[in-house]
Amino acid sequence: ETQQVAKVRLLDAAPTIACFRSEVLEGLRQPIKTLPCKFFYDAEGSQIFDAICELAEYYPTRTELAILQQAMPAIRHWVGPDVRLVEYGSGASRKTRLLLDQLEAPAAYLPIDISREHLLAASQDLAERYPAIEILPICADYTQPLSLPQAQRSVGRTVVFYPGSTIGNFHPDEALSFLTMMRELCLPDGGVLLGVDLKKDPSLLHAAYNDTAGVTAAFNLNLLARINRELDANFALANFRHYACYNPIQGRIEMHLVSLHDQTVWIGDQQIDFRRGEPIWTECSYKYHLQEFAALAAQAQLAVAEVWTDPQNLFSVHYLRP
Ligand code: AVI
């Protein structure tokens with residue numbers, strides 16, 4: 001029995017184990033211990049993240065999907081024909097299908113993700129579904145400089161798709177550099193279509209990052225499990241607690257793993273000591289007012305061409321132009 005499988009060629013620039021190890025150790029040796037949130041997304045973590053997106057408490061995914069659906073005619077107009085669509089942190093590419101279905105003859109789609117298995121599965125699926133579109137997946141840590149492959153066909157403008165409010169997982173200064181990089185990519189006549197989570201009642205935010213089923217806690221703790229799996233470490237997961245809270249002054253969710261005891265953990269031959277109550281800071285998720293985000297984009301010389309929100313003003317989608 002032969003199976004017709006559309007072929008996708010993966011450009012693999014995934015961070016090595018040595019990089020992972022050195023970033024983990026560097027973070028855990030700081031006076032305030034941190035771990036980079038990009039490392040949440042191994043095969044396990046990407047799956048848990050997909051489960052988060054289905055949670056009743058986690059409003060961003062479904063809200064953004066509804067906004068995109070509504071805004072589609074306008075988005076189609078802004079993006080135009082023959083586009084090269086570049087998506088950062090594409091994951092399961094769920095929202096992408098909406099775009100590929102409704103844009104005007106898109107020429108190429110370049111999904112970039114740090115999670116190889118997830119990226120490959122999603123790309124295979126898209127290649128079968130959209131034979132007319134060139135699918136060029138890139139496995140990489142996109143916070144590092146990265147040169148994108150040429151699409152085979154000559155194409156029109158480049159549009160960057162950055163949904164989910166992942167821009168909120170950067171501190172504002174990092175978000176600014178990332179926006180600047182996206183601007184350069186879409187010059188001269190492309191754009192950036194991105195999702196931004198909005199400031200709101202802290203209790204809604206608190207619930208979104210402290211779901212009752214404990215999926216977000218499992219997502220956070222999986223980072224320690226991953227370090228155990230890949231770096232020969234011995235974190236006892238029961239000795240750490242997921243702790244997420246909204247800081248209304250900084251306008252961000254802060255996610256931590258708090259040590260429940262004085263304890264020592266080994267990562268290979270490296271010893272890391274924890275005091276009872278000491279946190280490992282694993283993630284920030286900044287929330288913006290529309291004007292705050294427009295000001296940040298303007299600093300990166302990107303102008304808001306149009307912005308869409310849901311009726312409850314929970315989430316926003318922006319089309320930015322250089
Ligand atoms: C990917 N990112 C936008 C998510 C967020 O909401 O900041 C990651 C996440 N962390 C906990 N739940 C979801």
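Strands here are DSSP runs of E with at least two residues, and helices are DSSP runs of H or I with at least four, numbered from the N terminus.

S8 runs antiparallel to strand S9 (residues 252-259), and eight bridges join them. Strands count as paired if DSSP finds at least two bridges between them. Cys-245 stands opposite Glu-254 in S9. The two strands form a hairpin with four residues between them. Gly-251 sits in that turn, with a positive phi of about 65 degrees.

## About the model

This is a predicted model: local features need pLDDT of at least 70, side-chain atom pairs count only at pLDDT 80 or more, and totals for chains, interfaces and linings use all residues. Residues are numbered from 1 along each chain as its sequence is written, and side-chain values use heavy atoms, with hydrogens and water left out.

## A covered strand and its partners

Which strand has six of its seven residues buried? The answer is S14, residues 315-321. Buried means under 20% relative accessible area, exposed means over 50%, and partly exposed lies in between (1.4 Å probe, protein chains only).

S14 pairs with strand S7 (residues 191-197) in the antiparallel sense, over six bridges. Gly-195 stands opposite Val-317 in S14. Strand S13 (residues 303-309) also runs antiparallel to S14, joined by six bridges. There, Ala-303 has Arg-321 as its bridge partner. S13 and S14 form a hairpin with five residues between them. In the turn, Asn-313 has a positive phi of about 55 degrees.

## Around the ligand

The ligand is surrounded by 14 residues. A residue counts as near if one of its heavy atoms lies within 4 Å. The closest are Tyr-58, Asn-169, Tyr-209, Glu-283 and Ser-285. By class, the shell has seven nonpolar, six polar and one charged residues. Ala, Val, Leu, Ile, Met, Phe, Trp, Tyr, Cys and Pro count as nonpolar; Asp, Glu, Lys and Arg count as charged; the others, Gly among them, count as polar. Helix H2 (43-53), helix H8 (215-231) and strand S12 (279-286) each supply at least two residues of this shell.

Now look at the polar side-chain atoms. One of Asn-169 lies 2.9 Å from a ligand nitrogen atom. One of Glu-283 lies 2.7 Å from a ligand nitrogen atom. One of Ser-285 lies 2.7 Å from a ligand oxygen atom. Taken alone, the ligand exposes 340 Å², and the protein buries 97% of that. Such areas come from the Shrake-Rupley method with a 1.4 Å probe; for residues, only the protein chains shown count as cover.

Ser-46 is in helix H2. Is Ser-46 buried or exposed? Ser-46 counts as buried because its relative accessibility is 4%. Its side chain makes a polar contact of 2.9 Å with the side chain of Ser-115. A polar contact is a pair of N or O atoms within 3.5 Å; within protein, one must be able to donate a hydrogen and the other to accept it, and residues adjacent in sequence count only if both atoms are side-chain atoms. Leaving aside neighbours within four places in sequence, Ser-46 is in contact (heavy atoms within 4.5 Å) with Phe-40, Tyr-41, Ser-115 and His-118.

Met-182 is found in helix H6 (residues 172-186). Met-182 has 0% relative accessibility, so it counts as buried. With the neighbours within four places set aside, its contacts are Tyr-88, Val-160, Tyr-162, Ile-167, Val-192 and Leu-194.

Most residues other than glycine have a negative phi, and most peptide bonds are trans. Asp-82 has a positive phi near 65 degrees. Asp-82 is in the loop between helix H3 (59-79) and strand S2 (84-88). With a relative accessible area of 39%, Asp-82 is partly exposed.

Asp-232 has a positive phi near 55 degrees. Asp-232 is in the loop between H8 and S8. Asp-232 counts as exposed because its relative accessibility is 59%. A cis peptide bond joins Leu-187 and Pro-188, with omega about 0 degrees. Pro-188 lies in the loop between H6 and S7.
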